[in-house]
Structures are given as C-alpha cells and as structure tokens.
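Please look over the structure below with these notes beside you.

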Amino acid sequence: MEGRVPGLLPRRPDGVRPPWKGRRVLLGVTGGIAAYKSIQLARDLTRLGAEVPVVLTESATRFVTPLAFEAVTGGAVYRSLWSVEGAARHLQLARETDLVLIAPATADFIARSALGRADDLLTTILLASRAPVLLAPAMNDRMWSHPQTRRNADHLTEILGYHLAGPTTGALAIGEGDGRGRMEEPEHLLLHAGRLLGISDAWAGRRVLITAGPTREPLDPVRYLGNRSSGRMGYALAEAAWLRGADVTLVTGPTSLPRPLGVRCIEVETAREMETAVRETLPGHDLQIFAAAVADFRPEESAPGKVKRAGVEAGKSWDVSLVENPDVSADTRDARGDGSVTVGFALESEELIDRARGKMERKEFDFIVANPAGEEGAGFDSSTNRVTLLDRAGGVVDLPRAEKWEIAWQLLDRFEQGFASGGRDG
Ligand code: CTP
C-alpha cells in the first residue's frame, strides 16, 4: 500500500462525496514536522464535505499556525484547555465528533494517550470522546522501533481499540535509516478516515469479489485482442465497498488505474486466467460483482514469436481464427456461496432492458446493471455513467448520469437490500 496513489479519489479532492459529506472529523495535530502535511489533510477533508474542527497541541504551534488551518477549513482552531473557550468546548467537541483523527501523532503524544493523561486539550478530548480514533504516527524511525513506543502503540490498538495508519518507510526529516517512521500520506489518511466514517453493520466484514477491466487475448508475444474498458466502474465499486468496511478482492484485467487502497488485487490478463482466479477465490463471498468486460473469443493460437510482415505472404491477409472463451460469471456459478448476492453488467446498444434481463436470467444474477453502449458520458472509457438497475423481482431503477464513484455508491445501497433478503434464494 505504501507510496501508492490510492483508488479513484482524485489526488486533490474536488467535490463533496460520501462518506465524508456532512460528517465531523476532529483533526488533532501534534508537534512533528509532518504537521505541515496536515494543513493539506484539513483542506482535503473540508473539500470532501466534512466539518473539520482542529485542535493543535502547544508543540504543534511551533511547526504550523492556527491561521493556516482556519484558512483552509473556514472553521475554528482550538489550542488551550485553559482558555474560557477551551474549557467549555472540550466536552462538546469530544461528544459531537464522528471521528478523531490525530495526524501527526508524535511518540510523546502516543505515550501520553496510552497512559490516559489529560494534560492538554487534545488528550482530554480523547478521554471524553467515544468516537473512533485514528492516529497517524510520525517520528524518527529509531523512536518508532523502540520497545517503549511499540508497547504504547500496541496498547492503543489492542486495549483501547484505536486505529493506526502507518507509519511508512521513506524519507524522514532526520532519518537514521530506512525504517518506518514517516507519516502515512495525507491521501491515504483521507481514505482510512473515510472507511471509519463509512463503515456500517451491513457491510463490515462482508466478503466482496469484483471482476474489473478488459481482458487481453494474445495473438503473439506483442499483440493482443482487447477492448476499451477502463476498469473504472469495477474499481469504483471496490473502493466504495472497502469504504463501507467490506473485505474486498478485485480480480482485474490490465488497466492504468492505481490499485484501490486496502483492496486485495489479483491481476490477470486473459479470460481463462480470470476464470481460474474467480473460481479459486469465489467460495465464501457474500457478494460477487462481475464488472469486467471479458473477451468472449480468443485467437485459437497465439504465435510463439512476433508475427513478421515478411512472414505473411505479400498481398495475403493474416487470418486469425477465434474460439470461444469461458463465461467467467456463468461458468463459476457452482462456486457461489448459498445465499450470496450476484451482480452482472450488460452493455447493450439496442433493446437494453430486455437483453439485460435475459442475461440476468441466463447467468442467474440477482441484479444486473444495464449500460447503454455508444452514449456520450456513459459506459466504457468514461468517468461518468448512466445505468439502469434491474433485479430478479422485476424492479427497475434508473440512476441518472453521475461520476462512476457516485453511481458505485448508489448501487451498493441497492445491493445491500440483497443481503437483507438473503440473496439469491431470499
Ligand atoms: N461476462 C463474463 N465472462 C464472459 C462474458 C461476460 O463474466 N466471457 C460477464 C460480464 O462481466 C457481465 C455479464 O457477463 O457481468 C454480461 O456481459 P456481456 O459482455 O454484456 O454479455 P455476454 O454474455 O458476453 O453477451 P454479448 O457480448 O453477446 O452481449
């Protein structure tokens, strides 16, 4: 996970979206050089629609100013327990927050919170709050690996149930070596915070398998038959399911997308490889979503060496004979768990609804997401989509054009109803 730009969230968020929208994230900043990155974090959380009150420890103010946080959040910044405002506000702040995020969390702060100290505003809030707590440790690598810090950090996670993100490896301000100590990147922290905000009983621990992207069927070692699927819809679904607390596996054909944070990725090239990976992985899943654009045919033979122009007789054509590929979704039917929910996709240029419904019946899907082919702003290779969701009971829901992440979020709301009714046999 380290050093990777995660998922579909733009590197710099540009709009309000769930699960951050309308939620309150209390950002605590302690005194480490990584505090400068927390200004960006505060800004990004705000842009995603969260309300972000900020609490700075006294030593944090040696690295960053309250004004910087006020400017990016447009909200209040708190520093002292002893001001009139600090004393009155700390219990209220602690009670009213959906998440306490502490970034960076220094070795000293981790030690004080492991001891249950309440000697400044931030530690006091920690004791008074019952919201989930996420800490992003940042310190010199030798300090992080010291047994005392290890013991404190273990206490926070194992006894107090706090969540830690990082630290990771990479350049440290005053690094001793290549050990862990660097604060987790702000864009990863945004997602970790999102998962703690987005987690729900319906999704926590659910096992979700998603196929995504195109497949590539080789003609020779350098050429292949493929299609224009970008993989975005499947990746958006994987990210959204992870944000809700699911345990997500993505079986993905080749795409240019970064792997979604926290998602287990199995990379494949061909339809046959995808079928093998799905067959092996499928048992035990609660939800399987077949979003991949699988090539239905492959070249009967793949030439062992690169086919040369001179090798094809002048004036003749290179004839390729195609044979049928497995149907990943239908041929692995027997490996689906009892009561699990299955979702397919259908991209159609004509008779969208009837054909999609036919596919749902034939392949025994509980839901099918029908995509119009060839429509601008929908389907393949587009960042937006417009879909119609059909279910086995005859339900039809049109989701108007929106970014794929938003469509993914709305689709999961519907698939969740499949869990409630017990899936296929429900
Ligand atoms: N699918 C699959 N393996 C295939 C073909 C399709 O798993 N070899 C899955 C897709 O991921 C999708 C659903 O089946 O969820 C329907 O895919 P689509 O390509 O629309 O349907 P096909 O059955 O291939 O029919 P056609 O291409 O003739 O429309």
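1. Start with the secondary structure. The protein has 13 helices and 18 strands. Keep in mind that this is a predicted model.

2. Next, the overall dimensions. The C-alpha trace spans about 85 × 55 × 35 Å along its principal axes. The chain holds 426 residues, and 51% of them are buried.

3. Look at the domains. The assignment gives two entries: domain 1 covers 25-198, and domain 2 covers 207-302 + 321-417. Their C-alpha centres are 38 Å apart. How many residues of each domain are in contact with the other? Six residues of domain 1 touch seven residues of domain 2.

4. Consider contacts along the sequence. Take those in the protein between residues at least 6 apart in sequence. Of these, 71% join residues at least 24 apart.

5. Finally, zoom in on helix H10, residues 271-281. Its buried residues are Ala271, Met274, Glu275, Ala277, Val278 and Thr281. Why do they count as being on the same side of H10? Because they cover an arc of only 165 degrees around the axis.

6. What do the buried residues of H10 pack against? Their partners are strands E7 (207-212), E8 (217-218), E10 (247-252), E11 (264-267) and E12 (287-290), along with helix H11 (328-331). Trace these elements in the model.

Definitions and conventions
Residues numbered from 1 in each chain as written. Predicted model: local features only at pLDDT ≥ 70, side-chain atom pairs only at ≥ 80, totals over all residues. Heavy atoms only, no water. Helix = DSSP H or I, 4+ residues; strand = E, 2+ residues; numbered from the N terminus. Buried < 20%, exposed > 50% of the residue type's maximum accessible area, 1.4 Å probe, protein only. Contact = heavy atoms within 4.5 Å. Arc of directions from axis to C-beta. Domains from an automatic or database assignment.
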